[in-house]
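Here are my notes on the model, point by point. Have the structure open while you read.

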Amino acid sequence: MEISVNVAGANAPISPAAQPHAVEIDALSFSYKERRALDNLSFVIERGEIFGLLGPNGSGKTTLFKILSTLLPLQSGNASILGHSLRSDTRALRRRIGVVFQHPSIDLKLTVVENLMHHGHLFGIRGEQLRQRSTAMLGWFGLSERRHDLVETLSGGLQRRVELAQAFLHEPELMILDEPSTGLDPAARREFLDYIDRLRSEAGVTMVLTTHHMEEAERCDRIGILNDGRLVALDSPARLKAQVGGDVVVIRAKNLAALRDQLLLKMRASPVTVSGCLRVERPRGHEFVRDVVERFGDQIESITFGKPTLEDVFIHLTGHGFYGTRQEDQ
Amino acid sequence: MRHWSALGAFTLWLREITRFRRQRSRVIGSFLQPLVFWLLLGAGLNASFRPAGMPAGINYFQYLYPGFIVLVLLFTAIFSTISTVEDRREGFLQGVLVAPISRQMIVIGQAMGGTTLAWIPSCIFLVLAPLAGIKLTLTAVVVSALIMAIIAFSLTCIGLIIAWRIESTQGFHAIMNLILIPIWLLSGAFWPLSGAPAAVGWLMRLDPLTYGVAALRAALYFGHPSGAANSLPSVIPSTLIASTFALTMYLLAARVASRATSY
């Protein structure tokens with residue numbers, strides 16, 4: 001089934017050059033009372049991109065999600081989506097964006113079609129148009145046979161698809177998703193991400209998602225990495241990984257501090273302690289592994305090396321681990 | 001735009017009704033509990049207890065009746081609004097908040113939903129009035145049902161004011177017990193205003209629910225030989241005060257909802 005979205009807007013076709021960016025963020029800061037959640041963010045998201053906001057818990061990505069989805073007001077700086085200012089023009093913007101929340105926003109006590117109906121009504125869609133859009137969504141997301149089932153009887157993966165179908169019902173040009181595949185098993189996650197890909201490639205929808213999941217982040221065109229409310233990197237996953245020098249060697253040892261000093265003195269390596277391991281970034285990592293094992297083999301519990309992952313990029317940029325607490329990573 | 005918003009409010013109302021229909025136990029429970037209270041209290045107190053200022057020709061069973069209709073309204077109206085607390089952070093309302101519908105309209109949809117949910121079981125309670133020896137005329141039923149809707153609307157809005165302000169359902173229960181039970185006790189449900197000590201009388205006059213209960217009592221006794229022969233305000237001014245109160249509560253709820261941010 002085909003889905004068409006009029007990216008240029010309903011009336012006057014605008015030339016691509018004149019089209020505003022999908023998202024423009026300029027010197028955006030946000031604080032909850034004393035705590036600064038976002039600190040002077042500036043970046044642009046292009047139309048048709050799948051853009052990921054990657055960051056650990058507390059990095060500010062949920063705050064940014066809430067601002068972009070019009071749930072939190074702007075404090076300082078500016079942000080606009082599809083040319084609508086988030087400061088003054090949220091009502092008109094809401095009709096052009098679709099939002100998928102981390103916690104279900106579908107009503108579990110209602111059926112799939114009832115959920116779609118309510119959502120359509122909230123966006124001013126009704127009657128024959130609503131029926132057609134609902135049927136299209138059910139077909140597109142493979143939900144037709146479960147249409148009259150209560151949502152609470154569906155699997156987690158199917159519930160997420162209902163969530164997507166609902167958020168896409170009013171044909172948004174841009175979708176904002178907050179950790180959308182949280183709680184899904186790997187197979188359901190992959191399937192969900194395939195749907196995101198299809199929405200972008202077949203309907204031209206810009207996708208902006210927050211995530212702390214590396215697999216999700218890997219599938220984005222570009223990712224912005226957030227740490228402590230600041231944007232520490234912004235590029236494609238491949239280019240971000242290329243920033244890390246060569247291979248990543250991870251060493252477990254009984255006495256980390258002693259080994260770190262020896263590596264520093266005798267191997268001219270500069271290991272970082274992250275989550276109870278020593279990490280070294282090195283070109284030709286296999287040779288480094290061989291040398292380390294020959295010289296310090298008796299002190300080592302395990303040693304691995306591999307190509308950098310996005311998690312390595314994060315550690316490379318921030319000097320601390322992605323999942324652990326900061327105190328552990330001195 | 002306005003038209004769309006009205007459709008949005010309608011759909012929020014419809015959702016409440018659909019959910020309510022699927023939870024039969026909620027319907028039954030919401031009116032059984034006050035029914036049992038009324039029977040026990042009425043039976044226990046009827047023989048020995050006769051508060052000062054009670055209208056002539058009415059026994060205590062009958063006197064308690066309007067107050068317990070209001071209790072049905074109170075329970076259902078308030079509890080229908082609890083879901084707002086969690087719904088808004090991790091449920092259905094998240095999606096509503098990012099839809100092109102104003103908070104005022106969201107509150108209308110929610111308030112109409114809660115009002116309907118409270119009104120249905122209280123109407124069942126109303127038609128049982130002849131069992132208590134209260135004669136019902138058609139006028140009494142129609143006017144009572146209207147007044148009950150006004151009371152239900154104001155109580156739902158009180159619930160919404162609190163539900164849009166606070167972050168946890170525990171907090172909600174605490175505030176409810178602190179505010180609503182006293183409001184109900186002082187509303188003239190248990191004893192008439194005219195027989196109360198001066199200080200309590202003033203508290204009762206300040207209690208907005210007093211006027212709802214008074215209007216309902218007057219309407220219910222339409223068919224009764226003694227009429228509404230007591231010191232309570234008569235049905236029209238009481239209904240007016242109750243309506244003004246309901247409107248004020250709605251405006252407050254809309255204001256609180258408009259200012260609520262989801263941190």
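Some ground rules before the points. This is a predicted model, in which local features need pLDDT of at least 70 and side-chain atom pairs count only at pLDDT 80 or more, while totals for chains, interfaces and linings use all residues. Residues are numbered from 1 along each chain as its sequence is written, chains are lettered from A and ligands numbered from 1 in the order in which they are written, and side-chain values use heavy atoms, with hydrogens and water left out.

1. The sheet. Chain A has an open, antiparallel sheet of four strands in the order E2-E1-E4-E5. At its edges sit E2 (35–45) and E5 of chain A, each pairing on one side only. Helix H1 (residues 61–68) of chain A packs on this sheet and touches E1, E2 and E4 of chain A, with its direction at about 120° to that of E1(A). Contact here means heavy atoms within 4.5 Å. For the angle, axes are lines fitted to C-alpha atoms, for helices over the stretch in contact, and angles run from 0 to 180 degrees between N-to-C directions. Helices (H or I, at least four residues) and strands (E, at least two) are DSSP runs numbered from the N terminus, and two strands pair if DSSP finds at least two bridges between them.

2. Strand by strand. E1(A) and E2(A) run antiparallel and are joined by seven bridges. On the E4 side, E1 (residues 23–32) of chain A pairs with E4 (residues 76–81) of chain A over five bridges, again antiparallel, and there Ile25(A) faces Ala79(A). E4(A) then pairs with E5 (residues 84–85) of chain A over two bridges, with Ile81(A) opposite His84(A). Two residues lie between the strands of that hairpin, and Leu82(A) takes a positive phi near 50° in it.

3. Most residues other than glycine have a negative phi. Have a look, then, at Asp228(A), with phi near 50°, in the loop between E9 (222–227) and E10 (230–235) of chain A. Ser275(A) also has phi near 50° and lies in the loop between E12 (272–274) and E13 (277–282) of chain A. Asp228(A) has a relative accessible area of 40%, so it is partly exposed; Ser275(A), at 39%, is partly exposed too. The classes are buried under 20% relative accessible area, exposed over 50%, and partly exposed in between (1.4 Å probe, protein chains only).

4. The A–B interface. How many residues of each chain are in contact? The count is 32 from chain A and 29 from chain B. About 2,900 Å² is buried between the chains, 62% of it from carbon and sulfur atoms; buried area is the accessible area (1.4 Å probe) that two parts lose on being put together, summed over both. Leu71(A), Arg91(A) and Leu122(A) supply 23% of what chain A buries against chain B, more than any other three residues.

5. Charges across it. Three salt bridges link chains A and B, each a side-chain nitrogen of Lys or Arg within 4 Å of a carboxyl oxygen of Asp or Glu. One of them joins Arg15(B) and Asp107(A) at 2.5 Å, N to O. On chain A's side, E1, H2 (90–94) and H3 (112–122) each supply at least two residues, and H3(A) gives the most, with six.

6. Ser187(B). This residue is in H7 (residues 169–189) of chain B and counts as buried because its relative accessibility is 2%. Beyond neighbours within four places in sequence, Ser187(B) has contacts including Met204(B), Asp207(B) and Val213(B).
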